[in-house]
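Open the model in your viewer and follow along. Each stop says what to select and what is there.

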Amino acid sequence: MKRKSIAVVGAAETTQMGKIPNVSVIGLHADAALNALADCGLKPSDIDGVATAGISPVDLAHYMGITPTYADGTSVGGCSFMLHVRHAAAAINEGLCNTVLITHGESGRSRVGAGGFGRAASSLAGQFEMPYGPAGPPTMFTVPVLRYLKARGYTVEDLAQVAVIQREWAAKNPRASYKDPITVEDVLKSDMIAWPFTKLMCCLVTDGGGALILTSAERAKDFPQKPVYILGTGESVETPMVSQMEDFTSSKAFRVSGKKAFEESGVSHADVDHLMIYDAFAHLPLYGLEDLGFCKPGEAAGFIKGRNTAPGGKLPLNTNGGGLSYMHSGMYGMYALQESVRQMRGVAPAQVPGAKISIAHGVGGMFAASGTIVFSNEAP
Amino acid sequence: MPPPRMLPEPTPETRNFWDGCKAGELRLQRCTDCDGGSYFPPRPFCPRCGSRKVEAYKASGQGVLWSYVINMRPRPDMGTEPYAIAVVKLAEGPQMMTNIVGCPQTPEALVLDMPVKVTFAPQNDDISLPFFEPAGA
């Protein structure tokens, strides 16, 4: 793609967050979309590109009254929205459309108008994983972790520390689901879900949504909000089965996606002021810091324990509180993007002073997919 | 009544594997065009070079415990006791998800890198699931 030409001009989450029993899945998409349209002063008829996951872009376009010339239904799990941003940037550059609406909505907790999680018994996962008793992400995403801990010399306390520091960030966010401080001991003593993972090492299950509106950077200056420019993007996928992950200590999708985004953006690690790493579970930030190149393998746990990612640290990480403490409706990638946009606009509840470059890094499935977006509030 | 255990539904591409389990053999596949080694799950071509010249063979059934979690909230079809969802690294290279049987489902009994060997558990007339047990058992 031609670099440095696209910006986020509209961004918003759903009006409510957490437990929303009175809104269905498509209703959450629409609420977030209407809020994002209001944020940038556009009407549905101004949108000519749509992208979403979980529901079809056809559902979204029809429900919102949009007649698009571009539709993206990439659905690779929680990082789908990073991929939508990447594809939208390419599409706008190519002239397929001018203004793209990307939405997420999920009734993860209340399950209003939501489908099931089933996998066909004839799928590869249905044949080669499900017979052995996995019961959702807490028992699948976590499977590689004992190997990772052993290889790196990390401990369960290191996992707990991730949750503790993210709670510190959540305490600064009025919309966070959990704000009370916790200790490593609290995390380790919380209910055992799938050994070695306790409840506080697992993400929340909430209802909510979010939406982004992208257009060309030259048009972006005409909108009411400060434009947030896209400097670089990456994506990759690895495997639909966590048991088939090539290396249990490192995500290939993370490495490929992150490298691509860094190369495209031209920024160095030292340039990054703010970082979001999708934290469905406490090990994800550790893998992310290593696979994106912020830490050498074996140094991520010490980096977090040393408060580098905590409030006041040199690399503020998951500043909304993350999936562990802010919210997690199922496909959290949208909320990581929203927090990067808030930080770049300078309006985040836990604002990083003077932040100019933010990275939002997402995971899809159980290390199945990845997407990475490098943002800046300075025009390229 | 708990629901019946979730079982695989073989496809034409995986039928040979499940027939092997039924016959008491753990079958892997390998390419006869490249030296890319064994692969899993089954498919009718080599995932490394794309060649369709592949063969199934009887694997040793031996491996080591590579990683696992112990699910403390059993899936309804899996009984009422916690159980390990494990990945075994086979001697031939591929990894596969499985359950470890013949030993307590505890961190003390389930030690990473311990040798394990395959054992087959018939579930019905068609399907036997490949589980693993400590190799010394």
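Start with S5 (192-195) of chain A and S4 (residues 62-71) of chain B. The two strands pair in the antiparallel sense over two bridges; pairing requires at least two DSSP bridges. Helices (H or I, at least four residues) and strands (E, at least two) are DSSP runs, numbered from the N terminus. Now pick Trp195(A): Ile70(B) in S4(B) stands opposite.

This is a predicted model, where local features need pLDDT of at least 70, side-chain atom pairs count only at pLDDT 80 or more, and totals for chains, interfaces and linings use all residues. Residues are numbered from 1 along each chain as its sequence is written, chains are lettered from A and ligands numbered from 1 in the order written, and side-chain values use heavy atoms, without hydrogens or water.

Next, select the whole interface. Here 33 residues of chain A contact 38 of chain B (heavy atoms within 4.5 Å). Two salt bridges connect the chains (Lys or Arg side-chain nitrogen within 4 Å of an Asp or Glu carboxyl oxygen). Show Arg147(A) and Asp113(B): they form a salt bridge, 2.7 Å from N to O. Colour H4 (124-128), H5 (145-152) and S5 of chain A; each supplies at least two residues of the side touching chain B.

Last stop: Phe141(A) and Phe367(A). Their ring centres are 5.0 Å apart and their planes at 85°, so the pair is edge-to-face (centres within 6.5 Å, planes over 60 degrees apart). Phe141(A) is in the H4-H5 loop, Phe367(A) in the loop between S10 (357-364) and S11 (369-376), 226 residues apart.

Technical notes: Phe/Tyr/Trp six-rings, centres within 6.5 Å; stacked < 30°, edge-to-face > 60°.
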